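Colleague: I am new to this structure and would like to learn how to read it. Could you take me through the features in turn?

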Amino acid sequence: MISLTPTDVSVWLALAHGFLSFFSPCVLPLIPGFIGIVLGGQRRAQRLIGFFLGFSIVFSLLGGLSSFIGGFLAKYSGILEKIIGIGIIIFGIMYIAEFQLFKGTKANVWKFKNAGLVGGFVLGGAIGFVWIPCSSPILASILLIASQQSVAKGIWLLFIYSLGISVPFLTIGAGISKALTMGFGKPSWERWIKYIGGAFMIVLGLLIILGKMKV
């Protein structure tokens, strides 16, 4: 049964990973431009719905794929749990070191400024792929957690992860981005986001290795 309850630790971890991805230093400066495309121009309501669907589906499919692969390794769950814990610790260190797993991609998203539902859907998928290289250690960490779940639960977890990104993105994103990037050069908040986010992932990995947290 898939549910969002206070005891469903993996769901809240997915939401936390989404928020952490939203605050990635290399993502925030891009947000005002993206919001201008999503919420500007004509047919905004249609484009907004399409964007949310496209953006969410990209990550949901990744979650389903991760769970599908993890299903083949279910009989090694004891060993796999330790590997996942070690992997999350490594990704936490990589996040602090600003190491990206994937090469950044460039997408010409401006052509979707006046798009409708279908264009918004493609736009959401395109922005999702743009987001992947920047948040890759965080994304890899939640995918490891999803690999321990059923395919349906993996899809659900990555949908929640996408909510953790898209809700602040579409509500307070522009204001936060401008406030944090205006006139500060390379602001000190970037270091704190890295340290806090990386420490969160490292502690999470240690708890999983020690058997103190089941995901």
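Modeller: We go from the record to the helices, then to the aromatic rings and the pocket.

Modeller: This is a predicted model, where local features need pLDDT of at least 70, side-chain atom pairs count only at pLDDT 80 or more, and totals for chains, interfaces and linings use all residues. Residues are numbered from 1 along each chain as its sequence is written, and side-chain values use heavy atoms, with hydrogens and water left out.

Colleague: At which residues does UniProt place the feature "transmembrane region"?

Modeller: UniProt positions are given in the numbering used here, with feature names shortened, and annotations may be inferred rather than shown by experiment. The unreviewed UniProt entry gives "transmembrane region" at residues 12–39, 51–73, 79–97, 117–146, 158–180 and 192–211. In the model, residues 51–73 are 91% helix and 0% strand, with the end C-alpha atoms 34 Å apart. Residues 117–146 are 97% helix and 0% strand, and there the end C-alpha atoms are 29 Å apart.

Colleague: Which residues of helix 2 are buried?

Modeller: Helices (H or I, at least four residues) and strands (E, at least two) are DSSP runs, numbered from the N terminus. Buried means under 20% relative accessible area, exposed over 50%, and partly exposed in between, with a 1.4 Å probe and protein chains only. In helix 2 (residues 31–39), the buried residues are I31, F34, I35, I37 and V38. These lie on the same side of helix 2, because they cover an arc of only 160° around the axis; the arc is that of the directions from the helix axis to the C-beta atoms. Just after helix 2, G41 has a positive phi of about 75°.

Colleague: How many of the residues of helix 6 are buried?

Modeller: In helix 6 (residues 136–146), 10 of the 11 residues are buried, so the helix is largely enclosed by the rest of the structure. Among them are S136, P137, A140 and A146. A140 has a relative accessible area of 13% and is therefore buried. Its C-alpha atom is 7.9 Å from that of I88, 52 residues apart along the chain.

Colleague: How many aromatic pairs are there in the whole structure?

Modeller: Rings of Phe, Tyr and Trp (its six-membered ring) pair if their centres lie within 6.5 Å; planes under 30 degrees apart count as stacked, over 60 as edge-to-face and the rest as tilted. A search of the whole structure gives 5 aromatic pairs. One of them is F51 with F55, stacked at 5.5 Å centre to centre and 20° between the planes. Both residues lie in helix 3, 4 residues apart, about one turn of the helix. F51 is buried at 0% relative accessibility, and F55 is buried at 1%. F59 and Y161 make an edge-to-face pair, 5.3 Å centre to centre with 70° between the planes. That pair links distant parts of the chain, with F59 in helix 3 and Y161 in helix 7 (residues 151–171), 102 residues apart. F51, F55, F59 and Y161 form one aromatic cluster.

Colleague: Which residues lie nearest the centre of the largest pocket?

Modeller: On a 1 Å grid over the protein atoms alone, a pocket is an open set of points where a 1.4 Å probe fits, with protein on both sides within 12 Å along at least five of seven lines; lining residues have an atom within 4 Å of a point. Of the 14 residues that line the largest pocket, S66, I69, L143, L144 and S147 lie nearest its centre. Helix 3 (44–71), helix 4 (77–96) and helix 6 each give two or more residues to the lining, and helix 3 has the largest share, 5 residues.
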